[in-house]
Structures are given as structure tokens and as C-alpha cells.
Amino acid sequence: MSETKSEPPVWSPFDLRREHLLNNLITVVALLFWARVLLYGLTQEVPRAKYGAAFLAGGVLIYTLDELRNLDGSDRLERLGLWICALVGVAVPAYVWLHYEVLETQRIGYALGYEYAIGGLFGLVVLYLTYRAFGAAFAGVVIASVLYAYFGNLITGLLGHGGVAFEQIINVLSMEFDGFFGSITQVVAVKVALFLLYAGLMRGYGAFDLIMRLSFRTAKYLRSGVAQSAVISSLIVGSINGAQTANAAMTGSFTIPLMKESGMKSDSAGGIEAVASAGGQIMPPVMGAAAFVMASLIPGLGYVDVLIAGIIPAVVFYISVAIGVHYMAVKQLPEGGINIEGRLEDLDDGYHPLIEAIRFGVPFAVLLYTLGIAQWTVISSALYTCGAMVLTGTGIPLLLSVADGDADPIETVRDAANNTVSGFKFGAVAIAPIAIIIAAVNGIVDLLNATGLPGKLSLAIVGVAGGVLLFTTILSMVVCLILGLGMPTVAAYTIVALLIAPTLTGEFAIDPVAAHFFVLYAAILSGITPPIAIAVVVTTGIANSNFWKTAVEALKLGFPLFILPFSFIYNPEIVTGGLTLATVSSGLILLLGAVAIIHGLNCAPRPFDISAPLSYGIRAVYVVLGVVAMVWPSLTPRIGAAAAAILFIVVQSRIAETPNVGYVAEGD
């Protein structure tokens with residue numbers, strides 16, 4: 001990947017005025033959008049499918065306006081196209097909203113002539129906006145799905161089918177409450193949207209600066225603390241926004257320059273942030289949109305059940321990554337480090353840490369209580385959390401202003417209002433592309449279901465794997481990686497959950513929770529897996545590094561994540577047993593295995609003072625022991641492998657600390 005950057009566009013005074021007007025328009029539309037979302041959350045006065053159409057219209061409008069704001073005056077044709085997309089993207093869902101009763105109850109399976117026309121136009125708009133937001137790879141998946149549905153009668157063998165008429169394709173996608181307006185879109189509209197509003201409000205009130213400041217403080221007590229700031233920041237931010245590319249861009253813009261400034265290589269800094277950002281979306285208590293979709297796909301499974309199931313794997317992942325980051329940082333960072341105090345002063349907003357902890361901790365406590373203890377509905381929990389965030393985000397500065405006789409209360413009120421409006425705007429801009437790609441995914445899923453592909457793919461995978469569970473899971477992971485390349489996690493997970501998970505649950509009687517966590521983690525892996533590795537692409541751009549070297553660093557650091565999904569299949573109690581002593585013990589063995597793998601891949605070049613090529617064999621032993629500890633279906637071999645790996649690590653460390661043995665810590 002080229003490391004050169006294009007010159008920024010030159011903005012004329014007219015462009016600046018237009019950008020200002022569009023910025024104000026986005027703010028107004030965002031406020032109206034969230035007013036509609038909050039109204040539905042409070043009253044639920046319309047059917048969910050009907051509300052989903054309004055939600056998608058708002059997402060399309062906000063996304064197109066945001067894209068228009070970022071264009072300069074020379075892109076007239078592109079600007080015209082976006083205005084057309086905005087018009088069609090609002091008009092067609094509005095038509096569906098107004099004719100909901102007729103479309104839902106009377107005209108099922110067919111549409112009127114002009115409805116096929118506007119439905120096809122809306123499909124082109126969704127395809128184009130998907131291409132703009134997520135690139136050609138995912139747009140190609142959408143096109144391939146339509147072609148597969150239409151030309152299925154020309155395909156021979158197991159994957160062939162009778163073909164779906166073009167009019168029926170348009171009807172399924174745009175004129176029925178499946179397709180673009182289907183169940184997955186409705187789940188995001190009803191359950192995910194309010195959490196993105198919470199994330200936007202947090203950002204508007206300055207929570208992300210607080211997170212960065214707290215993570216930087218670790219550098220005062222730990223040599224790898226600068227690099228650990230990427231792990232901590234991405235863990236917290238990624239848990240809320242649930243999007244690895246947004247997470248990488250948001251936290252990476254702070255952490256990557258800081259790691260480079262402290263002495264880390266560009267490739268390593270980019271790799272660390274890519275892995276940390278990819279894992280943020282698996283951390284409870286939010287886990288992004290994927291957790292909501294999982295709860296909707298598995299009968300009888302609640303959202304809280306998904307969060308509980310995800311605790312142990314997430315902890316294992318982040319501890320192992322933190323250890324790997326420590327290995328990488330110690331080998332690259334100088335003893336003195338950099339001036340963290342200067343960075344903290346730059347981020348200091350004048351509040352006492354205790355006050356900030358109350359300001360942002362109270363809403364988070366409300367979220368934990370309402371979801372985990374009181375077990376309210378997701379909508380109620382999100383509403384109360386957002387309300388608490390607005391209350392503390394505006395109320396505490398006002399109280400401090402009153403307490404400080406020199407402060408101007410009117411100015412404080414103005415700042416609080418501006419921060420609140422900014423939070424609403426941040427949240428709307430964040431959820432707009434998610435609404436678009438979820439609509440596209442919903443269309444893909446319903447088209448493929450109409451062709452019967454999920455069942456056929458299940459038979460094909462089992463047939464190729466010869467009915468052997470190990471081969472089936474390996475092949476399933478490969479398919480998940482291919483299907484997930486270039487997609488956001490929620491999109492990738494939704495597709496593989498409907499195409500791959502039935503193979504594991506139907507043919508091998510794997511617990512549905514274990515099967516879905518398997519495909520979820522496999523979908524996350526696509527973000528750091530070449531040749532696309534979308535999270536690595538983002539961090540490479542920030543780090544100005546080489547794409548392939550950065551991807552290798554990410555793979556070395558995130559390798560346990562490739563093994564973790566198999567643990568769910570062979571030791572399902574990790575995600576199905578709740579937080580019992582047995583599951584915690586199994587999780588501890590899992591963690592030790594992950595640590596062994598990380599140590600083997602990232603320790604000093606000459607373990608036990610053995611030079612290459614024999615040293616690679618020693619590293620391989622660590623990796624093999626780690627894999628056995630994580631995956632082996634019997635407890636005793638897992639314990640033995642973990643114990644042996646930890647013993648070897650301790651012995652190696654003692655040898656490295658012994659003087660005059662010729663051990664080289666930094667290289668041959």
C-alpha cells in the first residue's frame with residue numbers, strides 16, 4: 001500500500017458557506033432523527049416494521065448530507081448524484097410508511113408497475129451508498145447475491161435453484177417488510193440506535209478525552225503503558241460503538257502517534273491498534289450491534305444472556321493482547337519513555353477526576369443496573385442510560401458553575417447545550433452508515449433464504465469436510481473469513497450466522513450459543529485478515545506504515561483470537577455455562593493457553609539462549625501447548641499443557657535474568 005497521501009481539497013469561500021449550511025442542516029436533521037427514535041422508544045406507537053422504514057430513511061438522509069458536506073465544489077456530478085440519493089432514499093421509505101397497511105396485509109408477493117420502478121431505484125441507491133461507505137468488496141457481495149438469485153436456474157449441482165424473477169427480487173428488497181426493511185434493520189432501529197446515541201452523548205460531553213487521559217496514566221507505572229493505552233481505550237470505546245473501523249480511527253488518531261513518538265515502529269503501532277480495535281466489539285456490557293442481532297437470531301436467548309456468555313472470552317482476549325503488547329513494547333520502547341504529563345495536560349479539561357468519574361460513571365452504572373440486575377428491556381435500559389447521561393453531562397457543569405462564583409452561568413448553559421447538540425449529531429453520523437449496510441445485509445439474507453442457499457451450503461460444507469467436526473469447523477472459519485472481508489462486524493456476523501451456524505447446530509448438535517459465538521469471532525477476524533483487513537487499512541493510514549508488515553504484526557498479536565472460536569466448539573461451557581466455578585476455571589486454562597501462544601510468537605528471538613533455526617522449534621512448542629490448552633476437549637490434557645507452558649516460560653525467564661549466559665534480549 002502506498003504511503004503517499006493526496007493533497008486536501010482547496011475550499012473556496014462559497015464552498016465554506018455551503019459546508020456551513022450543510023453542517024447546520026445535518027444538525028437539524030440529526031435532532032429530528034433522534035426525536036423520532038426517542039418517541040418510538042417511549043411510546044412504541046407504530047409497528048416495528050413501519051418504524052424501521054422511517055429509521056432507514058433518516059439514516060440515508062444523514063449519510064448523504066454528511067457526504068455532501070465533505071465534497072468540494074469541483075465534484076458537481078457526484079454532488080448531484082448524492083442529492084438524488086437523498087431524495088429517493090427518503091421518498092421510497094416514506095411511500096412504504098404511508099402504504100404500510102396495504103403492503104403488509106393485502107399486496108403480499110406482488111407490486112404495482114410503478115412500485116417496481118421506484119423499488120428498483122431505491123435498490124440502486126442502497127447499493128451506491130453501500131459502495132461509498134464500505135467499498136467495492138461489500139457492494140460486490142450485494143451484486144453477487146442478486147445475480148445468484150436471478151441466474152440460479154443456470155447453475156448446476158447442489159447450489160443451483162429455480163431462479164427468482166427480477167420483479168420478485170425488487171419486491172422482496174424494497175416493497176415488502178423483508179429485504180431492506182426486514183428484521184435485522186428493525187433490530188438495529190429499535191435496540192442499537194439508542195446505544196449509538198449514548199456513545200454520541202459521551203463523546204459530546206468529553207468522555208473519550210477522559211478515557212484517553214486515564215489510559216495514558218498507565219504509562220507512569222508500566223513501561224509498556226503508552227502502548228497499553230491503545231488496548232484500554234479501544235476496549236472501552238469499542239464496547240460502545242461496536243465498529244472496528246470507527247474504533248480504529250477514533251482511538252488510533254491518539255494512540256498511534258503517541259506510540260510512534262515513544263519509539264515504537266509504525267508497523268507495530270498500527271498492528272496493536274488494529275487488534276485492540278477489532279476486539280473492542282466483543283467486550284460487554286454493550287458488545288455493539290452484533291450482540292443484539294445474536295439475541296434476535298437465537299430463540300429463547302436474551303440480550304443479557306449474550307453479555308454473560310461473552311465475558312470470559314472477552315477477558316481472555318484482552319489480557320492476552322495486553323501481554324502481547326507488553327512483549328512488543330518492551331523490545332522497542334526506551335527506558336525513559338516520553339513526557340506523558342505533557343499529554344495529560346493537553347487533555348485536561350479542568351475537572352477533578354472524581355467529578356468526571358461521577359459525571360460519566362453514573363450513566364454507566366445505570367446501564368449495568370437496568371440491563372444486568374433489574375433486567376429491564378433493552379429499550380428501557382438505553383432510554384434511562386441516555387437520560388442519565390444528559391442529566392449528569394449538563395447538570396454537573398452547571399452545579400460547578402454555581403459553586404464557582406467567578407464562572408458565568410449563562411456561558412456554562414450555552415456550553416452544555418452545545419455539547420448536547422454535538423452529542424446528538426455525533427450519534428446520528430455514527431449510526432447512518434450502519435443503517436445503510438444493515439439494510440443491504442438484510443436484503444442479501446432474505447434473497448439467499450429465498451434461494452435455499454443456507455441449507456445447501458450446510459450440506460456442501462459437511463460433504464467437503466467428510467462429516468468430521470474438526471474439518472468442518474476449519475472450513476467454516478475459512479468461509480466466515482471470506483464472507484466477512486471488508487465488512488463491518490455486524491454485517492459479517494449476520495451473514496455467516498445465517499449461512500454457517502446452521503451447519504454446526506444441525507449436523508453436529510452444537511449448542512446454538514457456542515455456534516453463534518464461533519461465527520461472531522470468525523467474523524471479527526476478517527478485520528485483521530489480509531488481503532483486505534479493513535481495521536489494518538485504517539491504522540496503516542494513520543501510522544503511515546506498510547500494509548503487509550502491519551498486518552503481520554496484527555496477526556502475531558491476535559493469533560489467539562484465531563484459536564478462541566474453536567474453544568467454543570470443543571469446550572462450550574465457556575460461553576454456555578454462565579459464570580460458575582467450572583466455567584471460570586475453564587476460562588483460566590483458556591487464558592493460560594492464550595498467554596503461551598502470545599509468548600511463543602512475541603518473546604525474545606532466542607528462547608533458552610538457543611539460536612535459529614532451533615529457536616523456532618521452541619516457539620512452536622509454546623504455540624502447540626497453548627492450542628492444546630485452549631481447544632482440547634478433555635480437561636486433563638488442557639491442564640497439563642497449560643502447566644507445562646507456564647513452567648517453560650518461568651524457566652526461560654530465569655535463564656534470561658541469569659548473568660553471563662550470553663542471552664540476547666533484542667536480537668541475534
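Start by selecting Phe 166: its relative accessibility is 46%, so it counts as partly exposed (buried means under 20% relative accessible area, exposed over 50%, and partly exposed in between, with a 1.4 Å probe and protein chains only). Before you go on, know that this is a predicted model, where local features need pLDDT of at least 70, side-chain atom pairs count only at pLDDT 80 or more, and totals for chains, interfaces and linings use all residues. Residues are numbered from 1 along each chain as its sequence is written, and side-chain values use heavy atoms, with hydrogens and water left out.

**Stop 1: a greasy patch**

Phe 166 sits in helix H6 (residues 166–175). Helices here are DSSP runs of H or I with at least four residues, strands are runs of E with at least two, and both are numbered from the N terminus. Which helix gives the largest share of the patch? That's helix H5 (residues 113–150), with three residues.

**Stop 2: charged partners**

Side chains of opposite charge can pair when their charged atoms come close. A salt bridge here is a side-chain nitrogen of Lys or Arg within 4 Å of a carboxyl oxygen of Asp or Glu, and the whole structure has eight of them.

- Select Arg 36 and Glu 45: their closest N and O atoms are 2.6 Å apart. Arg 36 is partly exposed at 21%, and Glu 45 is partly exposed too, at 41%.
- Next, pick Arg 69 and Asp 66, which form a salt bridge with 2.3 Å from N to O. They are three residues apart in helix H2 (residues 48–69), which puts about one helical turn between them. Are they buried or exposed? Arg 69 is buried at 14%, and Asp 66 is buried at 11%.
- Then try Glu 115 and Arg 107, another salt bridge, at 2.2 Å from N to O. Both Glu 115 and Arg 107 are buried.
- Finally, show Glu 67, Glu 78 and Arg 132, which salt bridges link into a network.

**Stop 3: a helix with a buried face**

Jump to helix H23 (residues 534–543) and colour its buried residues: Ala 535, Val 536, Thr 539, Thr 540 and Ala 543. Look down the axis of H23: these buried residues fall within an arc of 130 degrees, so they line one face of the helix. The arc is that of the directions from the helix axis to the C-beta atoms. Just past H23, click on Asn 544, which has a positive phi of about 55 degrees.

**Stop 4: Phe 559**

Select Phe 559 in helix H24 (residues 547–570). Phe 559 is partly exposed, at 28%. Beyond its neighbours within four places in sequence, Phe 559 is in contact (heavy atoms within 4.5 Å) with Ile 597, Leu 601 and Val 623. Check Leu 525 as well: it is 34 residues from Phe 559 along the chain, with 9.5 Å between their C-alpha atoms.

**Last stop: zoom out**

Show the whole protein chain, with its 28 helices and zero strands. Of its 668 residues, 53% are buried.
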